[in-house]
Amino acid sequence: MGDFMKKTNVVQPYDLESINIKNWVTKSNILIESTYKLSLQEQRILLIMASKVQPNDETLKTYRFRAKDFIEIVGNKKGTGFYSYLKEIVNGLQTKILTIREKGKQRNYNWVITSIYEENEGYITLQFHPSLKYLFLELKEKFTSYQLENVVRLNSVYSIRIYELLKQYERLRKRELTLEELRHFLAIEPTKYKQYGHFKSKVLAVAQKEVNNKTDIHFEFVELKTGRKVTSIEFIITSSPVMQATNEKKLELNQESLELGDNKNSVQNDLEDLGVKPEKIEWLLSEFTKEHLERNIKYTQDRAITGEVTYPHSYVVKAIQKDYAKISQESKRINSKKGPKKDLVPDFIAEARDKQETFKDFTLKEKQELFFKENGTQVEFEEKLLQFQELKKMLVLSSNQPSQQEVKKAQEAGLQEVIRNMGDDLKKREELGLEPRLVSDFKDKELKKIYKDFLQSEISNKT
């Protein structure tokens with residue numbers, strides 16, 4: 001897996017994702033106490049991916065990011081090319097192994113199953129290995145949550161791991177670990193920092209300074225000895241004084257708002273009714289205006305009533321972050337200006353019509369250019385279909401011992417998704433007055449056969 005893959009196990013088309021350090025990372029405690037060795041940059045990439053996982057996700061999705069957004073978080077080496085550096089990091093990540101010891105068994109997993117690098121476009125697409133699903137999703141107990149901003153600012157891999165190990169025990173205010181356990185969790189080789197003094201200065205002291213200054217927790221540690229030798233560390237965990245001051249300031253601002261009549265109780269109650277967690281409600285109230293919150297809460301409530309939204313507690317948070325309500329209002333405003341006739345065709349055609357008097361004035365070349373602009377070239381279309389072909393592999397991989405029926409079902413699901421996309425493609429070409437794609441245009445033999453059968457079926461249905 002040295003180079004970025006040209007294919008990906010994608011179950012559906014993916015949107016461009018933003019990176020928000022206010023997002024929450026939720027991990028099973030099994031993962032937090034597992035063994036893995038990653039570079040600081042690899043850790044940051046995985047944490048960004050983890051922050052995109054939503055509680056109502058059924059699978060570990062594929063995420064597409066702007067490369068420049070990644071570099072802003074991950075950092076860049078001096079003298080190294082912007083994209084080359086990112087490619088180097090992810091290539092390295094694909095070879096790294098996660099070791100899980102559970103119920104007397106040791107399992108080894110690759111972190112990432114998919115990576116696509118779009119050099120010309122400046123995008124990167126990543127997907128966790130589907131076997132890691134139980135470590136991020138459907139977590140009802142024994143998990144730890146924290147905001148991404150607490151870890152992406154840390155500059156030591158040991159600081160990140162120690163933060164997670166202590167955040168896990170934040171409510172208990174104390175955690176004791178033997179040096180052997182701590183070295184195991186941090187994946188420190190037996191030959192590295194053999195002397196406790198080195199371990200203390202290079203690992204514990206660095207982590208303490210970073211965690212205490214940059215995160216929402218604060219810790220002190222006590223050295224426990226057997227004889228004259230330090231054998232265990234007792235961590236004393238408290239809330240960060242900086243965070244406490246911030247929370248007190250937020251409380252003051254909220255009280256001032258109440259005195260001024262800007263009462264957010266109704267907003268808070270609505271968020272609680274939708275099932276949003278208290279810590280997320282507190283963050284939403286502090287980050288967004290009342291008007292912004294109200295319009296997106298109503299937007300979510302309306303869709304929950306009609307059944308369009310299945311998990312309102314997760315949807316409303318995303319709606320507020322991306323301001324779905326405003327986007328919807330703007331879309332309706334634009335569509336009302338276009339008039340009823342333009343609503344019958346795709347937006348990109350309507351926009352093009354605005355620039356020319358009549359659609360019939362388009363040349364064949366202009367129509368082709370319009371189509372490629374919206375839907376991609378033949379090569380891109382074929383790669384997209386191949387992604388859906390990989391659906392069957394992903395579904396099979398998600399089961400340790402898939403039955404023949406499961407394999408058949410997965411194959412059929414992949415085939416139907418390919419045919420559906422071929423149908424959508426044909427319809428868009430017909431709307432532009434373009435002929436169907438030629439069977440000979442396809443390079444992949446299997447896709448060529450599927451497309452040939454598809455066209456024959458279309459002809460039969462029309463006659």
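# Sheets, helices and cores of a predicted model

Helix 9 lies across strand 10 and strand 11, running at about 160 degrees to strand 10, where axes are lines fitted to C-alpha atoms, for helices over the stretch in contact, and angles run from 0 to 180 degrees between N-to-C directions. This is a predicted model, in which local features need pLDDT of at least 70 and side-chain atom pairs count only at pLDDT 80 or more, while totals for chains, interfaces and linings use all residues. Residues are numbered from 1 along each chain as its sequence is written, and side-chain values use heavy atoms, with hydrogens and water left out. The protein has 21 helices and 11 strands, taken as DSSP runs numbered from the N terminus (helices are H or I, at least four residues; strands are E, at least two).

**Overall make-up**

- Of the 463 residues in the protein, 43% are buried, a term that stands for under 20% relative accessible area, with exposed meaning over 50% and partly exposed in between (1.4 Å probe, protein chains only).
- The protein exposes about 26,200 Å², and carbon and sulfur atoms supply 49% of that area; accessible areas come from the Shrake-Rupley method with a 1.4 Å probe, and for residues only the protein chains shown count as cover.
- Among contacts (heavy atoms within 4.5 Å) between residues at least 6 apart in sequence, 67% join residues at least 24 apart.

**Nonpolar cores**

- The largest nonpolar core has 69 residues, of which Ile45, Trp111, Phe128 and Phe235 touch the most other members; such a core is a set of buried Ala, Val, Leu, Ile, Met, Phe, Trp, Tyr and Cys residues joined through side-chain atoms within 4.5 Å.
- A second, separate core of 14 residues includes Val267, Leu271, Leu293 and Ile297.
- When neighbours within four places in sequence are left aside, Ile45 is in contact with Phe70, Val74, Leu86, Ile89, Val90, Leu93 and Leu126.

- An open sheet of three strands has the order 9-11-10 with antiparallel pairing, two strands being paired if DSSP finds at least two bridges between them.
- The edge strands of this sheet, each pairing on one side only, are strand 9 (174-178) and strand 10 (217-226).
- Neighbouring strands of this sheet are turned by 20 degrees against each other on average, direction ignored.
- Strand 10 pairs with strand 11 (residues 229-239) in the antiparallel sense over 10 bridges, and Phe221 stands opposite Phe235 in strand 11.
- Helix 7 (residues 157-167) packs on the sheet and touches strand 9, strand 10 and strand 11, its direction making about 90 degrees with that of strand 10.

- Another open sheet, of four strands, has the order 1-3-7-6 and mixed pairing.
- Its edge strands are strand 1 (16-17) and strand 6 (112-118), each of which pairs on one side only.
- Strand 3 (residues 62-66) and strand 7 (residues 123-128) pair in the antiparallel sense over five bridges, with Thr62 standing opposite Gln127 in strand 7.
- Helix 2 (residues 40-52) packs on this sheet, touching strand 1, strand 3, strand 6 and strand 7, and its direction makes about 75 degrees with that of strand 7.
- Helix 3 (residues 67-74) also packs on the sheet, touching strand 3 and strand 7, and its direction makes about 85 degrees with that of strand 3.

- Strand 4 and strand 5 (residues 105-110) pair in the antiparallel sense over six bridges, and the bridge partner of Thr99 in strand 5 is Asn108.
- Two residues lie between the strands of this hairpin, in which Lys103 takes a positive phi near 55 degrees.
- Thr95 lies in the loop between helix 4 (82-94) and strand 4 (97-102), and is partly exposed with a relative accessible area of 49%.
- A polar atom of the Thr95 side chain lies 2.7 Å from the backbone oxygen of Gly92.

- Most residues other than glycine have a negative phi.
- Ala187, although not a glycine, has a positive phi of about 55 degrees; Ala187 is found in the loop between helix 8 (179-185) and helix 9 (196-214) and counts as buried at 14% relative accessibility.
- Within helix 14 (residues 312-322), Ser314, Val316, Val317, Ala319 and Ile320 are buried.

Definitions and conventions:
Polar contact = N/O pair within 3.5 Å; in protein donor to acceptor, adjacent residues only side chain to side chain.
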